[in-house]
Amino acid sequence: MIYITRVYTVLMSTAAISIDEFQALEQKVLRAVEIVKREREARAAAEAEVATLREQLTAQSNASDSASSALKSLEKEREEIRQRVEKMLEQMDELV
């Protein structure tokens, strides 16, 4: 009977330490879960921002291509007008 009491006492003291250790471990696990949760939310937000920025980049690229095309068209038109004006000036010089 004394042996059983000693074993019970040893188990209880070990169990108390184990419960404290378990609670500490539980707190660490809960903190780790919260950190992972925050990091996943941050990653999702970053991925959403990247998607938005890619859309904006595509829109800007399209606008740039459109502006470049318009500029080339205007430069071609300007060159044609310059040639026509030079031709008119040459014809005026021939008249004089």
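Trainee: Where is the place of Met-92?

Mentor: Met-92 sits in helix α1, which covers residues 2-95; a helix here is a DSSP run of H or I with at least four residues, numbered from the N terminus. This is a predicted model, in which local features need pLDDT of at least 70 and side-chain atom pairs count only at pLDDT 80 or more, while totals for chains, interfaces and linings use all residues. Residues are numbered from 1 along each chain as its sequence is written, and side-chain values use heavy atoms, with hydrogens and water left out.

Trainee: How many helices and strands does the protein chain have?

Mentor: The protein chain has 1 helix and 0 strands, and 0% of its 96 residues count as buried (under 20% relative accessible area, with exposed over 50% and partly exposed in between, using a 1.4 Å probe and protein chains only).

Trainee: Switching topic, how many salt bridges turn up in the whole structure?

Mentor: The search finds 3 salt bridges, each being a side-chain nitrogen of Lys or Arg within 4 Å of a carboxyl oxygen of Asp or Glu.

Trainee: What does Arg-82 form with Glu-79?

Mentor: Arg-82 forms a salt bridge with Glu-79, with the closest N and O atoms 2.4 Å apart, and the two residues lie 3 residues apart in helix α1, about one turn. Arg-82 also forms a salt bridge with Glu-86, again with the closest N and O atoms 2.4 Å apart. Through shared partners, salt bridges join Glu-79, Arg-82 and Glu-86 into one network.

Trainee: And is Glu-86 buried, partly exposed or exposed?

Mentor: Glu-86 is partly exposed, at 38% relative accessibility.
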